[in-house]
Amino acid sequence: MMERLAYLWPEIAVFATTCIVMVLGLSRSLAVRKATALVSGLGLLVALYLAITTTPGRVGAGLVDPAHGQSFLPTMVPFAKCLICIVALILLPLLAGTVDRAEEARIASGRGVFNPLRSNRAEFYSFFLFSVTGLLLVASADDLIWLFLALELTSLPTYVMVAISSSRHRAQEAGVKYFFLGALGAAMFLYGFALLYGATGTTNLNKIYDIFTASGISTLGMLGLLITLFGLFFKIAAVPMHFYTADVYQGAAPGVSAMLAFIPKTAGFLAILLIVGTVGWRFGPDGSGTSLPEPIRITLWVVAALTMTIGNTLAVMQSSTKRMLAYSSIAHSGYMLVGVIAGPGDASFSKSGIAAVLFYLLAYGVMNVGCFAALAAIERKPKAGEDEAREIDHVDDLRGICRSHPVAGWTMVICALSLLGLPPLLGFFGKLPLFTSAVSAGEIPLVIVLGLNSAIAAFYYLRLMALPLLEEAHPRAEATEDAPFAARRIAGVVSAGGVVLLAVLAGQLMTQSEIAGRYMPQYKPAAAVESSQPSLMDALQAVPGVTGGRQ
Amino acid sequence: MLTSDSLLTLGAATAAKAPIIAGDPLALLIPAMPILGVIICTLCGIFGVRNKLPAFATVLCLAVSFAVTAKLFMGHDGGVSIATGFEWMSLAWGEGQGQRLVADFSLYLDSLTILWMLFVTGLATLIALYASEYMSHDVGLGYCRFFAAFNLFVFSMACLVMGDNMLLLFLGWEGVGLCSYLLIGYFYKKPSAVAAAKKAFIMNRIGDVGLILGVMLTFVHFGSIEYREIFAACQPYIDLAKAGKFNEIPAIVQLIPILLAVGAFGKSAQLPLYVWLPDAMEGPTPVSALIHAATMVTAGVYLVARTYPLFLLSEYALPIVAWTGALTALVAATIGMAQFDIKRIMAYSTVSQLGYMFAGLGVLTSTGAAFHVVTHAFFKALLFLSCGAIMHGFAGQLDLRKLSGVGFMKGWGVVGLGMFVGCMNLAGFPFTAGYFSKDMILAEAFVTPGMAPIGWILLLTAGMTAYYTFRVFFRVVVGPMHYEPGDELHHAEDDSHGHGHGHHDAPAADAAHASDAAHGHSHTHDDHAHHEHGHGAHFHPHAPGWAINTVLATLSVLSIAAAGLYFVKSPYAGGHAHGGAVPGMVERSSAAFETPFSHHGAGGAGGESHDTIKEGGHEGADGKAPTHAAAGAPSFVPTAIAKAHGAEAHAGSFFGYDPHKAMYYVSGVVGFVGIFIAFILHYAGRRTAATARADALLPAVGPLAGWAQNKWYVDEFYDFLIRKPLWFFSNVFYIFDKLVIDGLVRLVGGIPRFIGAMVRPTQSGELHGYAAGMAAGVAVLLFLVFILTMR
């Protein structure tokens, strides 16, 4: 168990920061309270540094230290952790001012004193970091139980964050909906995990792979895999588990919505890659192919096609920007599933779907934050009877903001174009390998669906581009003003700048994600071989009755 | 030991055998400095600099480029080297031949490149200095915009000329086109300038289609677009061409030069694509001088010269080039004779002189063409800048009927002198630079078999050139002093960023000037004694300042000095190439091609040894011309030329004389006659600016003069032939588009909305509905998978 610590340093750093932040946020001193975000950022920076330096199996030379990491995607861990820390760092400034705004204003005006019971700041930031910790743990999971706990650690804080992100009724409703449906999703993949355990007798992913390779996939195992996948589809908001997305994104504050579009989605995709990796891309019509087993392939295929299409077609209909972005988030999950279907190919960047998914997660994380940042940076002045300014949401509010709010406007323009996949921007370099890997995997019909969907998506992304840039300000826009949080605009600028800058560095990123996307099922980490030490599950097995159902 | 092959040396041969010699990396500074200039000017624009900083930064940057070019020239040994910049494009889709497209940002340094860059950077520096004063009315954002585009132009030109592959050439080609568009349309609030800019851009696109197809075919056939490899790859074909076996050369290869020539005709304003260049005079005069006279329009000549080995592969390419050039020269000269706007006359003369250069290329004297490019660059820039100074000083007045005796007015001496030097050169007055360079082309036209008609056309054109050049000189520069200001004064209410030329330092008087012009007052110099008008203000010509005068003087000296190039020895080993330094440089480049005939002239062969065109050990220095003249066999003539006259390998003659010698006298006389006619018709006995004796002749030529003045109605003809049908079809297609295509698009576009509308009810917002939907969805999908995978 101890050797695991060697690659858990980023998680440990984030967790330690979480504990500090939880205390800092409750301080009576305003300065200390305000430092919570800063400390969170420092913690994430440290985690990023640790992810780059201390995680074995470092990306650089493409060499993997055999002693660490889960087995079949050993090089994915450091890349995934880096991308999580980077996007989390961009997300963090966007969260500024989401909670406690009225409360702090009340204190500042001298109408009240600080009351820890009424303050949400500590919870809010520490929950964010908890979620990030969970996400980091998902990346390094090698066991179903670990995976389950990590996934839930990722999700549970987000339920609360949605509910407290705004004082409005809608946020609470969204939080409750998200929680109940999330529980349903969790129940589903837990059921799938249980079936997998039932079919193989182990919770270790490597061992499951061995068993599947040695004795084939039993019907029970296949059912477990499928149900697990459906449960994980909730995390990535894929059809048919997508229903919650629009309501929740719309109800939550933009910063939290941006987080929801990245953190659970990344967790879901990493988990899907791990689960699908236990069977491997070694099936095909003649038994020696390079695709997933037929039932899994068909499931993913149908879900990917439906997700893209339903996401995009519903996005076209929206007049609420946040709902539009929510459906776009659904559609992007569909795109990335194409990469999962394509599989590792010959491990070159243009043919590796896994590398494409990893690259796209980073690209999507960066450009998606920008769109929400543009929304968060502008707010409508409170009307009579309202005590709180509200962020803009209706697409008409975006008209002409390039002139009235240039930073937010241009952020929206650049990020929308990138989400569309316009060539010089990051989104294009993200989408391209999805196409090429699927083509080389022979999934031509799916590529056609993907292409058609990209065209449909242009419809609403171009609206997001044209309204701020080309249109005159809407009459209602007079009532808008810059949100009093420079951090939100910084998040936007960083994100829009990242979209441009990372596109310049795309070659380097491609190399890194190509290395990260290596699928090495034959490779046995020392840890897996020598794990004679009783794991938690083995210990449970020793207790009569606990695992009695297993034969 | 000489083989017959060595008679004909192409850059290709040298390039094929020589390993890549790394060029001086310093050369990269030549394109880099103008880019720095672009950045500086842009920053100036952003920070709202309102002084002449952009101009002087530009001058400095370009001067550095020029200095680097000069240094390269000094240290150049005549060989080919490649200065590698960075990897620009490298695409591979297989291992085989032609499955790898490499285009690096690398510079191909040979004597042709250096020759071109010498005058491009040199003139650009001088003209930037001139523009610093000329554009001073626009100090501010417009000034920054002007100089940013100016720098970008020089950068593009450097890419065009120095690139070691056709893609970089294409980048530069489009870059100069863009800059030309931006600068012609500099006064973007003036509709005629905008129209001219669009016209230039669109006409150039037509040529560009040819160029890009040529480049593509080159890649398709030769598998590379790097000159080095193309020249090596076309060597076998050259051998075939040498043997006259054109039918063994694939048609696709023979098509390449013709397509490239179309591109060159567009950029260099040749028939039938020349109509944009005269209109391009709407741009500021420094632009006309640099881009539309000296440098950009010679890009076509450069393209042909650079890819000369390819042009030798086609039976028809060079004759096409020659005939197009000659006809353009003639047509443009006829139009030039009838115009009244002096800048337009210069524009038509540019078209005409470019025709000379193409004719030169076509009659196998790339050296003559290149020499003419260089001399023309100097004297035409000088002429344009002098015209610009006049325009600047006389509030936009360019009509030669409204200006007279400018050269003798106070403060205008340098301008008058500049006009004189420029006109002498353009007219080909004996012993000027223009005389020598034009001579080479004329002589070679008579030498090359089958090309004598071209020689006659060019000779006639030379006379006309002398006439219309000195028509301007005798009307505008000398004669009784008289002027009317133009209408481009400062209008207080006109904010079209100060496109006025008048007294900059007396804004209060400007409004009065404007009303002056509106009343159409004319001021003869005689009543220059300040008799007061009712308005109490008076127009004074605005004599050029130090910057303009310095540049004009420098260019005058350079234009005269260019003649010396004919006499100095070739800078490279071997010494005494025929025609001096410029041919010496050209002969070491890919443009090197001399007909064997040039040695056959009666007495000329002995002395004029083309030693520099041999590769390897320069045997020519000792092995004199007879060595290869006697070989006799090398009858490489593009067969079209040879067949046409059946004159196998024998020099043409000019009434039995050696054309090289005879032309010295003939062209001198022709030029003199032209000048004399101009003197009689436009100077002798002229009392006013408006009329001259020539007017009396107008009835004699009948409607011809009117037609020529209306540019032979070519624009109207194009309008009728191309634009009208296009309008018609565009209207038809518009209706089709509206009804059919739009309908289909709307239908297709409606599908996503339809699907969305179908799915939308599922988003009810109700928790239990969602939960049920999820459960049902999972069940349905699992069932589907079960059905699909059941065997």
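Helices and strands are here DSSP runs, a helix having at least four residues and a strand at least two, numbered from the N terminus. The model is predicted. B:Ala395 is not a glycine, yet its phi is positive, at about 55°. Most residues other than glycine have a negative phi, and most peptide bonds are trans. B:Ala395 is buried, with 25 other C-beta atoms within 10 Å; the cut-off for that term is 20 or more.

A:Ala237 has a positive phi of about 60° and is not a glycine. A:Ala237 sits in the loop between H10 and H11 of chain A, and A:Ala237 is buried, with 29 other C-beta atoms within 10 Å. The loop between helix H10 (219–236) and helix H11 (244–251) of chain A also holds A:Pro240. The peptide bond joining A:Val239 and A:Pro240 is cis, with omega about 0°. In chain B, a cis peptide bond runs from B:Leu271 to B:Pro272, with omega near -5°. B:Pro272 belongs to the loop between helix H10 (251–267) and H11 of chain B.

Chain B as a whole has 31 helices and five strands. Of its 791 residues, 54% count as buried. Among contacts in chain B between residues at least 6 apart in sequence, 79% join residues at least 24 apart.

Helix H12 (residues 285–294) of chain B is largely enclosed by the rest of the structure, because 10 of its 10 residues are buried. They run from B:Thr285 and B:Pro286 to B:Ala293 and B:Ala294, and include B:His292. Against them pack several helices of chain B, among them helix H4 (111–134), helix H5 (141–162), helix H16 (342–362) and helix H17 (366–393).

The nonpolar cores come next. The largest has 230 residues, of which B:Ala359, B:Ala381 and B:Leu458 touch the most other members. Leaving aside neighbours within four places in sequence, B:Leu458 is in contact with residues including B:Ala326, B:Tyr356, B:Ala359 and B:Ile441. A second, separate core has 216 residues, including A:Leu151, A:Tyr209, A:Val357 and A:Leu426.

Two helix pairs in chain A can be followed in detail. Helix H13 (residues 294–317) and helix H14 (residues 321–342) of chain A pack at an angle of about 155°, with axes 7 Å apart. Angles over 145 degrees count as roughly antiparallel, and so H13(A) is roughly antiparallel to H14(A). Their crossing is left-handed. Among the contact residues are A:Trp301 and A:Thr307 of H13(A), and A:Tyr327 and A:Gly334 of H14(A). By class, this contact has 17 nonpolar, six polar and one charged residues.

In the other pair, the axes of helix H18 (residues 426–440) and helix H19 (residues 444–470) of chain A come within 8 Å and cross at roughly 160°. That angle makes H18(A) roughly antiparallel to H19(A). The crossing is left-handed. A:Leu434, A:Phe435, A:Ala438 and A:Val439 in H18(A) meet A:Ile444, A:Leu446, A:Val447 and A:Leu450 in H19(A). This contact has eight nonpolar, no polar and no charged residues.

Finally, the two chains meet through 23 residues from chain B and 27 residues from chain A. On the chain B side, the elements giving two or more residues are helix H30 (714–759) and helix H31 (767–789). H31(B) gives the most, with 13 residues. By class, the side of chain B that touches chain A has 14 nonpolar, seven polar and two charged residues.

Note on methods: Residues are numbered from 1 along each chain as its sequence is written. Chains are lettered from A and ligands numbered from 1 in the order in which they are written. This is a predicted model: local features need pLDDT of at least 70, side-chain atom pairs count only at pLDDT 80 or more; totals for chains, interfaces and linings use all residues. Axes are lines fitted to C-alpha atoms, for helices over the stretch in contact, and angles run from 0 to 180 degrees between N-to-C directions. Angles under 35 degrees count as roughly parallel, over 145 as roughly antiparallel, 65 to 115 as roughly perpendicular and the rest as oblique. A crossing is left-handed if the near helix is turned anticlockwise from the far one by less than a right angle, and right-handed if clockwise. Two residues are in contact if their C-beta atoms, placed from the backbone, lie within 7 Å. Ala, Val, Leu, Ile, Met, Phe, Trp, Tyr, Cys and Pro count as nonpolar, Asp, Glu, Lys and Arg as charged, and the others, Gly among them, as polar. A nonpolar core is a set of buried Ala, Val, Leu, Ile, Met, Phe, Trp, Tyr and Cys residues joined through C-beta atoms within 7 Å. A residue is buried if 20 or more other C-beta atoms lie within 10 Å of its own, exposed if 12 or fewer, and partly exposed in between; C-beta atoms are placed from the backbone.
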